[in-house]
Amino acid sequence: MKFLDQTKIYVKAGDGGRGSSSFRREAYVEFGGPDGGDGGRGGHVYAEAVEGLNTLIDYRYQQHHKAERGGHGMGKQRHGRGGEDKIVKLPVGTQIFEEDQETLIADLTEVGQRVLLARGGNGGWGNLHFKTSTNRAPRRANPGEEGEERTVWLRLKLIADAGLLGLPNAGKSTFMRAATAAKPKVADYPFTTLHPGLGVVDLGPGTRFVLADIPGLIEGAAEGAGLGHRFLGHVERCKVLLHLIDCTQDDVAGAWRTIRKELEDYQPEMAHKPEIVALTKVDALTEEMVDEQAAELEAACGRKPMRLSSVARTGVREALMAIARHLGDLHEAEIEEAGEDEEDWRP
């Protein structure tokens, strides 16, 4: 299935049904009077987060979503039935924006979360409503109210526990293949990965988390260079970041600074996320050269980088265990803030 993380849709709630202008016509009833029923309410349009979806591709080809209109009123005081609601099913992590793409309507972060996008129109009154002591035979009935309509933008931001960061061709997809059962495309040229991907890391009973493969960021991504805004948006949801740096390049410290600057420029809060720094492709250099690159990177980031080779499976499990420890610390902190008993949690 093709990955799509942004699209535009049009939603239209159902119109209300017309009220009826009717009079009772029955044998042996000389003055039957008005008996027109009311129209039914038009259906609403809701957006709901559901399980089993991880892309917006369905809404690329089906962009118009309309709820059913209400039934019309009829004689003998019969009211029209209400129109059926329309449910727009979206993957968890979808944000809904107004047509200006800036005003946030809702952020669907949990399964079952639902938001009203367009309200159905009320049904019109039948002439039974307009009967008075001075107007015993009203011939007036209201038309149904029009349902709301609007155009909205859907923007998906993957919800993952940890995310892989790095410049293009830093070895993120290869690490993803080594750490999970996911099979992202791997090749020896930049921008092999064009769409974010998810994989589940299983380190044993009770130690499982979701890992996101974020496509390579470039300098100027925070200002929109390449597809930077859309790629950086997926990083927002991650609790821990694994920053992979290719040790075969000339300036490993500069590569680290480039990504850190883009994170800070895009959203300052993202710079405070827990970060694990790792040198990749260490099997391609001698041990002395790797030591030089690690020392240069440590001087820049202030921490000792991990060393790993996804192809040789060296250091992969250690990096995953480091992510799991960070996630465990964050979970414990959340439990303490909520005032829950720490013994109830299992990593």
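This is a predicted model: local features need pLDDT of at least 70, side-chain atom pairs count only at pLDDT 80 or more; totals for chains, interfaces and linings use all residues.
View 1. Glu148 is partly exposed because its relative accessibility is 43%, a value between the limits of 20% and 50%. Glu148 sits in the loop that runs between strand S7 (114-118) and strand S8 (149-156). Together with Glu145, Glu146 and Glu149, Glu148 makes up a patch of negative charge on the surface.

**View 2. The salt bridge between Arg114 and Glu48.** The closest N and O atoms of this pair are 3.0 Å apart. Arg114 belongs to strand S7 and Glu48 to strand S2 (residues 45-50), so the contact ties together parts that are 66 residues apart in sequence. Arg114 is partly exposed at 45% relative accessibility, whereas Glu48 is buried at 18%.

**View 3. The salt bridge between Glu98 and Arg150.** Here the closest N and O atoms lie 2.7 Å apart. The pair links distant parts of the chain, 52 residues apart: Glu98 is in the loop between strand S5 (94-97) and strand S6 (104-108), and Arg150 is in strand S8. Glu98 has a relative accessible area of 26% and is partly exposed; Arg150, at 23%, also counts as partly exposed.

**View 4. The salt bridge between Arg303 and Glu275.** The N to O distance is 3.1 Å. Arg303 is in the loop between helix H5 (287-301) and strand S14 (306-307), while Glu275 is in strand S13 (residues 275-280), 28 residues apart. Arg303 is partly exposed at 33% relative accessibility, and Glu275 is buried with a relative accessible area of 9%. Both residues belong to a network of salt bridges that includes Arg260. The count for the model comes to 10 salt bridges.

Definitions and conventions
Residues are numbered from 1 along each chain as its sequence is written. Side-chain values use heavy atoms; hydrogens and water are left out. Patches are made of residues with over 30% relative accessible area and no salt bridge: like charges are joined within 9 Å, nonpolar side chains (Val, Leu, Ile, Met, Phe, Trp, Tyr) within 5 Å. Accessible areas come from the Shrake-Rupley method with a 1.4 Å probe; for residues, only the protein chains shown count as cover. A salt bridge is a side-chain nitrogen of Lys or Arg within 4 Å of a carboxyl oxygen of Asp or Glu. Lys and Arg count as positive and Asp and Glu as negative; His and the chain ends are not counted. The place of a charge is taken as NZ of Lys, CZ of Arg, CG of Asp or CD of Glu. Helices (H or I, at least four residues) and strands (E, at least two) are DSSP runs, numbered from the N terminus. Buried means under 20% relative accessible area, exposed over 50%, partly exposed in between (1.4 Å probe, protein chains only).
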